[in-house]
Amino acid sequence: MIKQGLLAIIIVLPLSSCVSWIAPSVKTELITLQGGQYQLDSTHAALVFKIQHLGLSTYVGRFNQFDAVLSFDPDNMAAASLQATVAIKSIDINNAELAETLQDATWFNSDRFSQAFFISHTVTPLSHNRFRFSGDLTLRGVTKPMTFDATFHGGADNWMTGKYTIGFSAVGHIKRSDFGMDSYIPIVGDEVNLEIYAEFLKTVR
């Protein structure tokens with residue numbers, strides 16, 4: 001037993017050292033981040049939505065296919081911009097029958113409006129690493145103003161991709177009735193909370 005324990009320690013210690021060595025050196029201060037244009041790394045991204053159900057619980061789903069482009073200068077965040085698209089049919093709620101129902105004309109009407117779009121217009125600082133992106137969301141052919149409160153978690157050279165990478169998250173909310181989806185309110189809530197977790201890869205300085 002003692003020999004097995006020593007062998008485990010001998011094996012684990014080099015592996016732990018390796019993991020520390022390959023982990024990126026993340027800089028968390030905004031001023032240290034590299035400005036430029038960034039593309040969403042779709043393999044390290046999640047778009048989650050939450051909505052009240054029967055006043056008893058929170059129903060959680062996600063969209064599996066979306067893309068975004070972020071452009072910013074850490075010395076002039078007011079000029080930053082964010083553009084995103086979401087493939088409506090990529091909705092994932094762990095219920096294939098309901099997911100299909102949500103594509104019809106009463107809900108997303110995805111045969112006619114296959115994508116949702118967000119385009120930012122202004123950026124307002126909230127703290128040293130948090131910013132409010134205000135812009136327009138287009139869903140089901142309806143465009144309404146919307147804001148996302150975004151947090152920059154840091155940046156580092158990413159050995160996995162060979163590109164400088166930043167971590168980014170954002171939260172926002174909409175009323176689905178604003179976009180013509182008012183069925184079953186209040187049994188199914190009107191307010192939809194959105195959460196984004198993502199890594200962005202630098203493409204242009």
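In which sense do E1 and strand E2 pair, and over how many bridges?

1. Strand E1 and strand E2 (residues 57-63) pair in the antiparallel sense over seven bridges. Strands here are DSSP runs (E, at least two residues), numbered from the N terminus, and two strands pair if DSSP finds at least two bridges between them. His53 stands opposite Ser57 in E2. The hairpin of E1 and E2 has three residues between the strands, and in this hairpin Leu54 takes a positive phi near 60°.

2. The model is predicted: local features need pLDDT of at least 70 and side-chain atom pairs count only at pLDDT 80 or more, while totals for chains, interfaces and linings use all residues. Residues are numbered from 1 along each chain as its sequence is written, and side-chain values use heavy atoms, with hydrogens and water left out.

3. E1 (residues 36-53) also pairs with E3 (residues 66-72), in the antiparallel sense over four bridges. Gly36 of this pairing stands opposite Phe72 in E3.

4. With strand E10 (residues 188-204), E1 forms an antiparallel pairing over twelve bridges. The bridge partner of Ile51 in E10 is Val192.

5. Val192 returns in the lining of the largest pocket, where Phe49, Phe63, Phe108, Val192 and Leu194 are the closest to the centre among 39 lining residues. A pocket is an open set of points on a 1 Å grid over the protein atoms alone, where a 1.4 Å probe fits, with protein on both sides within 12 Å along at least five of seven lines; lining residues have an atom within 4 Å of a point. E10 supplies the largest share of this lining, six residues.
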